[in-house]
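Biologist: Could you walk me through this one? I'm new to it.

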Amino acid sequence: MIKPTKADIINSQNSTIRDVIAPGLDVLFCGINTGLYSAATGHHFARPGNRFWPTLYRSGFTPRLFAPDEELELISLGYGITNIVDRATAAAADLTIEELKQGGLNLERKLQVFRPKVLAVLGISAYRTAFNQPKAVLGRQSELIANTNVWVLPNPSGLNAHFPPVKLAEVFREFRDELDGLGLRS
């Protein structure tokens, strides 16, 4: 993956990147929105310091540590990546409540088309806002979205100090084990 320049990053404001998605995935991982660094590279969770890729590996979702530019290989493992909001911003805090709510509606339509077994939303605050679930907690949600099971997991951003790398991998491993126990992974 080519490292973007500062100008590339600045110019990626409000741009979008394509989903990593296919029909019938086991798990569709769902970020809040694309950061500027990721938008500049065209790959999800590309910013150095983002813990998504190491966490997938440490928790047993992937057989090795993938680089962001290998994201399409997730599909063969039964996984995909999307976001609640498509628009790239410097920080998720730059999103409006209306954008998150509209993103929730857009995501619901996406689930109706692609029908993954599980939606794993990476960020509790964004989930609460996008799906009008102010009391939601991390873990499996009692309500389905478009007939899709929903889990909320911690945001893998390096800025999430509540979940250091070891704890983050542990939560993702527990999620993977729950999916296996319920027969939701191929």
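This is a predicted model: local features need pLDDT of at least 70, side-chain atom pairs count only at pLDDT 80 or more; totals for chains, interfaces and linings use all residues.

Modeller: Residues are numbered from 1 along each chain as its sequence is written, and side-chain values use heavy atoms, with hydrogens and water left out.

Biologist: In what order do the strands of the open sheet stand?

Modeller: Strands here are DSSP E runs of at least two residues and helices are H or I runs of at least four, numbered from the N terminus. Two strands pair if DSSP finds at least two bridges between them. The open sheet has five strands with mixed pairing, in the order E2-E1-E3-E5-E4.

Biologist: Which strands have one side left without a neighbour in the sheet?

Modeller: A strand at the edge has a single partner strand, so one of its sides has no neighbour in the sheet. The strands placed that way are E2 and E4.

Biologist: Is E2 largely enclosed or open, then?

Modeller: Count a residue as buried under 20% relative accessible area, exposed over 50%, and partly exposed in between, with a 1.4 Å probe and protein chains only. Nine of the 11 residues of E2 are buried, so the rest of the structure leaves E2 largely enclosed.

Biologist: In which sense do E1 and E2 pair?

Modeller: Seven bridges join E1 and E2. Phe29 stands opposite Ile81 in E2. The sense of the E1 and E2 pairing is parallel.

Biologist: And E4 with E5, in which sense do they pair?

Modeller: Gly139 has Val152 in E5 as its bridge partner. E4 and E5 pair over two bridges, and the sense is antiparallel.

Biologist: Which strands does helix H7 touch?

Modeller: Contact means heavy atoms within 4.5 Å. Axes are lines fitted to C-alpha atoms, for helices over the stretch in contact, and angles run from 0 to 180 degrees between N-to-C directions. H7, residues 165-181, packs on the sheet at about 165 degrees to E5, and it touches E1, E3 and E5.

Biologist: What about H5, which strands does it lie across?

Modeller: H5 covers residues 97-114 and runs at about 150 degrees to E2. The strands that H5 lies across are E1, E2 and E3.

Biologist: Which element gives the largest share of the lining of the largest pocket?

Modeller: On a 1 Å grid over the protein atoms alone, a pocket is an open set of points with protein on both sides within 12 Å along at least five of seven lines, a cavity is a set where a 1.4 Å probe fits but cannot get out, and lining residues have an atom within 4 Å of a point. The largest pocket holds about 930 Å³ of space, and of its 41 lining residues the closest to the centre are Ile32, Ala92, Asn155, Ser157 and Leu159. The largest share, five residues, comes from E1.

Biologist: Which residues line the largest cavity?

Modeller: Grid points are joined across faces, edges and corners, and a volume is the space filled by probe spheres set on the points. The largest cavity has about 30 Å³ of space. Its lining is Thr16, Ile17, Asp19, Thr34, His44, Asn83 and Asp86.

Biologist: Is Phe45 buried or exposed?

Modeller: Phe45 is in the loop between H2 and H3, with a positive phi near 50 degrees. Its relative accessibility is 12%, so Phe45 counts as buried.

Biologist: Where is Ala146 placed?

Modeller: Phi of Ala146 is positive too, near 50 degrees. At 18% relative accessibility Ala146 counts as buried, and its place is the loop between E4 and E5.
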